[in-house]
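Q: Could you show me how to read cores and pockets in a protein model?

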Amino acid sequence: MLTRRAALMGAAGVASLPILAKAAHAETVAAPLAAPADLSSLTRIKRKLIAPPFVHDHEQVAPGAPRIVEFEMKIAEKEIEVDDGAYLQGMTFDGSIPGPMMVVHEGDYVELTLINPEDNMLPHNIDFHAATGALGGGALTHVNPGEKTILRFKATRPGTFVYHCAPGGPMIPWHVASGMAGTIMVLPRDGLKDHEGNPVSYDRIYYIGENEFYIPKDENGDYKRYADVGESYADTLEVMNGLIPTHVVFNGKVGALTGDNAMTANVGERVLFVHSQANRDTRPHLIGGHGDLVWEHGKFNNVPDRDMETWFIRGGSAGAALYTFLQPGVYAYVNHNLIEAVNLGATAHVKVEGDWNNDLMEQVLAPSDLNAI
């Protein structure tokens, strides 16, 4: 009997769509031959993922022994308006760009159910930079439309780590540049520590996922729009290979974290900002603020840097910065390549409520005419 999977993976099932054929012939690895791990004594909990910049409920200090933490994510291929008149044929984890952030503790087991609905066109998978073996799980999670898979891995290293789709060959950069990336944070079991080894906690946490997009234009310089993700491939590939993005954005679109969608905080609150870029380097900067403690590499076994003005996030990684807000107002959180921040879209806002402290900053003289008496 010819199964749906066999049809999709075979030549007859993919001949009409060359993109699907290339993706379906990506590297696949048979499940390793070993006895199943016996984790029957561990407690299971389920976490419901939410769209960034927000993060699902979690404990900052592990409440007890390691657990199996269950997540479920659906892959969604959908059109996204990145800016006025600029439409991306996006590929997403759970419908958001970036994909939702997952939080567990060191020693916990991550158990992800990954679903590729029937109405999608392409095969997908997930590569966790936090995982060990099988291409980060990518080799064990290839799912065609209409399939699901369950992957479990042990979180052995504390820190912030990127995950992304990696279906093989030229499909990898295309899927990532179309939005298929996110972050998992593995907290130490006893929580975060400062530069002296003292416990430190956060009052709020925000996840900023930075993406660069490559949206094709027509001969008149207008952005092209496509019926589906497959139709967009050839033109998108040509723009991607030029390595010059049309947009560099936070959380999927220009202005996604500004205005009514700005992040919020209060004076005196300690906020943890987790920032990822799955494909290229970036330089987060909080205008008017600092990084009190910065895990630039995103790895909590390392001593955090202090009092940073701008920090560096390498392509394919995620970092974390902790800051206590001391003044009210609107703070701009930017990629400090200011061309990308101002002209291409990599700007967010943090609205902070509270009382102004003139000891920290005071306007001694308001702007006045030089000739005024």
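A: Happy to! This is a predicted model, in which local features need pLDDT of at least 70 and side-chain atom pairs count only at pLDDT 80 or more, while totals for chains, interfaces and linings use all residues. Residues are numbered from 1 along each chain as its sequence is written, and side-chain values use heavy atoms, with hydrogens and water left out.

Q: Which residues touch the most other members of the largest nonpolar core?
A: A nonpolar core is a set of buried Ala, Val, Leu, Ile, Met, Phe, Trp, Tyr and Cys residues joined through side-chain atoms within 4.5 Å; buried means under 20% relative accessible area (1.4 Å probe, protein chains only). Here the largest core has 35 residues, and M73, F93, M102, F128 and I184 touch the most other members. Strand β2 (residues 68–83) gives this core its largest share, 4 residues; strands are DSSP runs of E, at least two residues, numbered from the N terminus.

Q: What does I184 touch?
A: Contact means heavy atoms within 4.5 Å. Leaving out residues up to four places away in sequence, I184 touches residues including M102, F128, F153 and Y163.

Q: Which residues does the second, separate core include?
A: Y206, M263, Y323 and Y333 are among its 18 residues.

Q: Which residues lie nearest the centre of the second largest pocket?
A: On a 1 Å grid over the protein atoms alone, a pocket is an open set of points where a 1.4 Å probe fits, with protein on both sides within 12 Å along at least five of seven lines; lining residues have an atom within 4 Å of a point. In this pocket, G288, Y323, Q327, Y331 and M361 lie nearest the centre, out of 15 lining residues. Strand β20 gives the most to that lining, with 3 residues.

Conventions. Buried means under 20% relative accessible area, exposed over 50%, partly exposed in between (1.4 Å probe, protein chains only).
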